[in-house]
Amino acid sequence: MAKPKLKEHHINRDWCKGCGICVEFCPKKVLELDKQDKVVAVHFTNCICCKLCELRCPDLAIEIETEL
Amino acid sequence: MAIKDYIRERFFPHIWCPGCGHGMVLNALLRAFEDLAISKNEIVMVSGIGCSARISGYVDVHTLHTIHGRALAFATGVKMSRPELNLIVPMGDGDALAIGGNHFIHAARRNIDITAIVMNNRIYGMTGGQYSPLSGYGTLATTAPFINIDHAFDVVELAKAAGATFVARTTTYHVKQMSELFKEAILREGFSVIEVLTQCPTYFGRKNKAGSAVDMVKSFKDNTTPVGSKAKLESPGLIERGIFVQKDLPEYTREYDKVIERAMKKR
Amino acid sequence: MNGTLKFVQGNEACVEGALYAGLKFFAGYPITPSTEIAESLAYRLPQIGGKFIQMEDEIGSMCAIIGASLTGSKVMTATSGPGFSLMQEALGYAIMAEIPCVIANVQRGGPSTGLATRGAQGDVMQSRWGTHGDHAIVVMTASNNQDVFNITIEAFNVAETYRTPVILLFDEVMGHTRERLIVPEKDEIPLVERLRTSVKGGVDYHPYLPREDGRLPMSDFGGVHRYNVTGLYHDMWGFPSENPAVVDGLIHHLTDKIRNNVHTITQYKEYFIEDARTILISYGSTARSALHHVLNRRKRGEYIGLLELQTLWPFHGDLIREKCKNAELVVVTEMNLGQLYRQVKIAVDHPERVFLANRVDGVFITPTDIKNMLRLIQGRGV
Ligand SMILES: Cc1ncc(C[n+]2csc(CCOP(=O)(O)OP(=O)(O)O)c2C)c(N)n1
Ligand code: SF4
Ligand code: SF4
Ligand code: SF4
């Protein structure tokens, strides 16, 4: 199976509560919290599309879109 | 269907605190629904009262938000009269095992086909941090300002002894396992109990100096081990997670069909 | 009236009425003197494909019938004082969430375990105000098996019409009195069936938006409409709301739907009221003795009549006032310390003419008791 390729991190800033869970448990340290405590995919080129951030977010605020 | 198709988007962002584990349970449950591709009309979610119980408001299925501790009794009525429906009952630890303890053991004993999820944050979140029957000896709570001298239930042992035919435990760190367990429980016929160790950073975390939500989730990683692992022998303090019971016994509503059959012969 | 003649206990008459009305689900917990209702339904319900379950307590029983009602079934539970006390929280839920259901309370002496095998009528006020918060409730009773049968059917009809719990307030004496009962042919007594919404799947359905006539069409759990049911104040979709306008609207809807229909809901029987100078007011088993006494005295030319209430709540004060307006003496006969008596006093034009003839010692009030108490009240000595 080909590795999924990242298309976009969809971050719902209205829903994100800045808990930092996705940031902490991202294996590639792709994510960071900005000044407003909302998550941003700063190092998105490192993303391996494991979707752990999406699966763990308590607020359903982050979604990984991959290219098919 | 995407997971967003299973939620009532207009109520988001939800009411839970930042980092509350209840949202992670919701997340994993939605993924289980999505993977199973169950029709929303076939699911009835019944909850009691507590932060955890608010989960029912967010899921676009038939939802019954009831009274504290009694969700399983309501669910029993729904299931008895419409056995073809899929009953999911998420409960807080106080909801399930303090005020609702009696309904819990009796629903398990009957082996009625319900998926019971115990969202165990070891505290009463909604009422502001009082100890629950799962807080455990030595913890602190607003009602245990010096030390909690109440011993905790072991949900797995309790469910086993009461007769549940599927018993599992996982944590909010192990979200993939959580989804898988939910799926198995939903597909199985009989009373299933999944205990999810989840974090209440706001009350349990603060009272017990357990750190942030992130720290608490990390501790679930560090303090648990797969059921039957060697690590448990070396460090007996580790909490086991995984499937503890999985057995096929006649399900209650099917058994009642036999009662109907017998009764009809006697007409 | 065509039908099947039976010789049964009051509790069984209640069962016959419930089955006639279309009962499909019963959850209960044994307690004297109501147990025969559960026992009989454990036998009868599966015979018609219905469901019976003995729950772990009365709280669970009340919750289970609410759950079952939401799937579209006609449901019922039965209990007595201690169990009725346990049901109060879930009863309030049924009021708030507007769930049709019937609760039979075969009264025994209270408080607490009280007098398990003796009659009493001490739960009149509990049935009205047992659950917390402002609310309205329908409470019905009867004094002979045929009426127990009929009023049980009526209870189901009222529950469906107004989407409300209805309490059948029987008592030990009624529950255990054996007498004849004619179960009419099917269709002889009209039944109210669940009003279901005609809104199609995919179209916005408002489970809590009353129609113009005040009724709320339901959609069964498992059907095409997915909505929320909660004991919190809620909007027309059933979702929690603390909006003052929503809260105010809902509490008034819940109470008005009963209060505004007191005329339609109220059932009573009257005997010789027209020219009566003394009016007895009674209900349940006590009304049997009252009637006996009235018939006796009428034979001797005494101007005495009986107003037998079958609907206790909502309390139809206007009816009482009207019936009692020419009476020189109004005597309320009941097996408690005056729970209905106080209501009657408030309702009539001349409260000073209202007296209480009661017993609270677990002994059934006989016609002789009534005769003696009337003599005392009238200052004639015993
Ligand atoms: C009969 C009754 N008693 C007490 C309460 C108050 N109450 C609401 S939620 C709750 C406990 C919540 O704790 P838990 O069930 O563990 O859920 P959490 O909020 O932690 O998710 C209590 C005691 C109530 N609603 N009803
Ligand atoms: S886990 Fe979700 S809520 Fe928390 S910081 Fe990440 S995106 Fe925001
Ligand atoms: S998909 Fe995986 S690698 Fe990419 S941001 Fe999320 S957690 Fe990090
Ligand atoms: S109080 Fe605790 S359980 Fe309740 S929402 Fe906040 S973190 Fe979650």
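The shell around ligand 2 in this predicted model divides into 8 nonpolar, 2 polar and 2 charged residues, where Ala, Val, Leu, Ile, Met, Phe, Trp, Tyr, Cys and Pro count as nonpolar, Asp, Glu, Lys and Arg as charged, and the others, Gly among them, as polar. Among the residues around ligand 2 are C16(A), C19(A), C22(A) and C57(A), together with K17(A) and D59(A), a residue being near a molecule if one of its heavy atoms lies within 4 Å of it.

Chain B and chain A are in contact (heavy atoms within 4.5 Å) through 28 residues from chain B and 18 residues from chain A. About 1,900 Å² is buried between the two chains, 66% of it on carbon and sulfur atoms, buried area being the accessible area (1.4 Å probe) that two parts lose on being put together, summed over both.

Across this interface there are 3 salt bridges, each a side-chain nitrogen of Lys or Arg within 4 Å of a carboxyl oxygen of Asp or Glu; K4(B) and E63(A) are joined by a salt bridge at 3.1 Å, N to O. On the side of chain B that touches chain A, the elements giving two or more residues are α1 (21-36), α7 (175-187) and α9 (213-222) of chain B, with helices taken as DSSP runs (H or I, at least four residues) numbered from the N terminus. The largest share of that side, 6 residues, comes from α1(B), and its residues as a whole divide into 17 nonpolar, 6 polar and 5 charged.

Residues are numbered from 1 along each chain as its sequence is written, with chains lettered from A and ligands numbered from 1 in the order in which they are written. Local features need pLDDT of at least 70 and side-chain atom pairs count only at pLDDT 80 or more, while totals for chains, interfaces and linings use all residues, and side-chain values use heavy atoms, with hydrogens and water left out.
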